[in-house]
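Q: Hello! I have a structure to look at, and I would like to learn how to read it. Where do we begin?

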Amino acid sequence: MRINSAIQAAIDLTAGAAGGTACVVTGQPFDTAKVKMQTFPSMYKGLVDCFVKTYKQVGFRGFYKGTTPALVANIAENSVLFMCYGFCQQIVRRIVGVDRKTKLSDLQNAAAGSFASAFATLVLCPTELVKCRLQAMHEMQLSGKIIQGHNTVWSVVKGVIQKDGPLGFYRGLSSTLLREVPGYFFFFGGYELSRTFFASGRSKDELGPIPLLLSGGFGGSCLWIAVYPVDCVKSRIQVLSMAGKQTGFMGTFVTVVRTEGVLALYSGLTPTMIRAFVANGALFLAYEYSRKLLMKQIDSY
């Protein structure tokens with residue numbers, strides 16, 4: 001049965017939402033540690049130190065600060081990402097001049113994922129700004145950069161609107177784009193390359209949960225290794241702009257390198273790589289199985 005474009009888009013959107021939920025549920029504590037270590041590297045000696053201090057100062061709930069906007073961000077981003085991924089695959093097929101049912105190469109899939117990420121950035125940037133600010137709020141108060149922190153999603157949202165207006169939610173947009181577009185080339189490229197390796201001549205659709213988990217983890221690892229310094233700059237722009245006007249991407253990048261050294265751009269890499277493998281493995285597993293389930297339901301009618 002041939003599925004029309006609108007139904008296929010709805011399937012990809014729903015499966016992407018399932019993947020985004022799985023990603024947050026499995027990776028949120030590591031993402032919180034990443035943001036804290038990126039924005040305040042001098043406060044923590046490493047991942048274990050960050051976990052211990054966070055637990056002592058804020059309690060277990062400190063690891064899940066920003067979970068609500070993280071859920072919104074990941075569900076919105078992955079819904080749009082995977083829906084646009086399907087559309088962008090069709091665009092790539094037209095560009096290379098092949099039939100719409102032809103399987104794309106791993107490189108062509110990587111290009112489609114890169115194109116799709118540009119659209120996802122528009123829904124990701126505002127929610128990720130709120131998430132990052134909530135995650136690093138305790139450190140902003142400890143460092144004296146702000147007097148009174150915001151402890152809820154609504155208080156952060158209200159603060160952004162009062163201070164910068166609606167466009168304030170797009171602080172760090174250029175660095176988010178600079179992270180997403182090349183990052184998702186490596187993300188989808190690594191994922192598809194890994195699936196090809198595990199398939200060994202068989203159809204990729206026949207792969208079981210373990211190869212999918214490992215392929216998703218490999219894709220996520222490729223993304224973060226490629227663009228981590230850009231993400232570090234983005235986090236600083238989005239968090240530190242609470243205390244006043246923050247310079248743009250190049251200004252922040254140069255300041256970090258000049259005052260703290262190149263290694264400061266890699267602060268928080270350990271929790272990021274742990275999270276990348278676990279969370280993105282869960283993301284693709286949830287996405288692929290949700291998509292298969294929905295396709296079967298549609299085919300049965």
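A: Let's begin with a general idea: a cavity is a set of grid points where a 1.4 Å probe fits but cannot get out, whereas a pocket is an open set. Please keep in mind that this model is predicted.

Q: How many cavities of 30 Å³ or more does the structure hold?
A: The structure holds one. The space in the largest cavity comes to about 280 Å³.

Q: Which residues lie nearest the centre of the largest cavity?
A: Asn 74, Glu 77, Glu 128, Trp 224 and Arg 275 do, out of 26 residues in the lining. By class, that lining has 10 nonpolar, six polar and 10 charged residues.

Q: Which element gives the largest share of the lining of the largest cavity?
A: That is H1, with six residues. At least two residues each come from H1, H3, helix H4 (106–135), H7, helix H8 (209–240) and H10.

Q: Now the open kind. How much space lies in the largest pocket?
A: About 1,300 Å³. Its lining has 38 residues, and the closest to the centre are Gln 8, Gln 89, Arg 93, Lys 103 and Arg 291. Two or more lining residues are given by each of H1, helix H3 (67–96), helix H7 (173–199) and helix H10 (269–299).

Q: H1 has come up in both linings. How do I read the span of this helix?
A: Compare the helix with a straight one. With 35 residues at 1.5 Å a residue, a straight helix would span 51 Å, but H1 (residues 5–39) spans only 42 Å between its end C-alpha atoms.

Q: Where does H1 bend?
A: At Gly 27, by about 70°. Within four residues comes a proline, Pro 29.

Q: How many disulfides does the structure hold?
A: In general, a disulfide is a covalent bond between the sulfur atoms of two cysteines. Here there are zero.

Conventions. Residues are numbered from 1 along each chain as its sequence is written. This is a predicted model: local features need pLDDT of at least 70, side-chain atom pairs count only at pLDDT 80 or more; totals for chains, interfaces and linings use all residues. Side-chain values use heavy atoms; hydrogens and water are left out. The expected span of a helix is 1.5 Å times one less than its number of residues. The bend at a residue is the angle between axes fitted to the seven residues ending there and the seven starting there. On a 1 Å grid over the protein atoms alone, a cavity is a set of points where a 1.4 Å probe fits but cannot get out, and a pocket is an open set with protein on both sides within 12 Å along at least five of seven lines; lining residues have an atom within 4 Å of a point. Grid points are joined across faces, edges and corners, and a volume is the space filled by probe spheres set on the points. A disulfide is a pair of cysteine sulfur atoms within 2.5 Å. Ala, Val, Leu, Ile, Met, Phe, Trp, Tyr, Cys and Pro count as nonpolar, Asp, Glu, Lys and Arg as charged, and the others, Gly among them, as polar.
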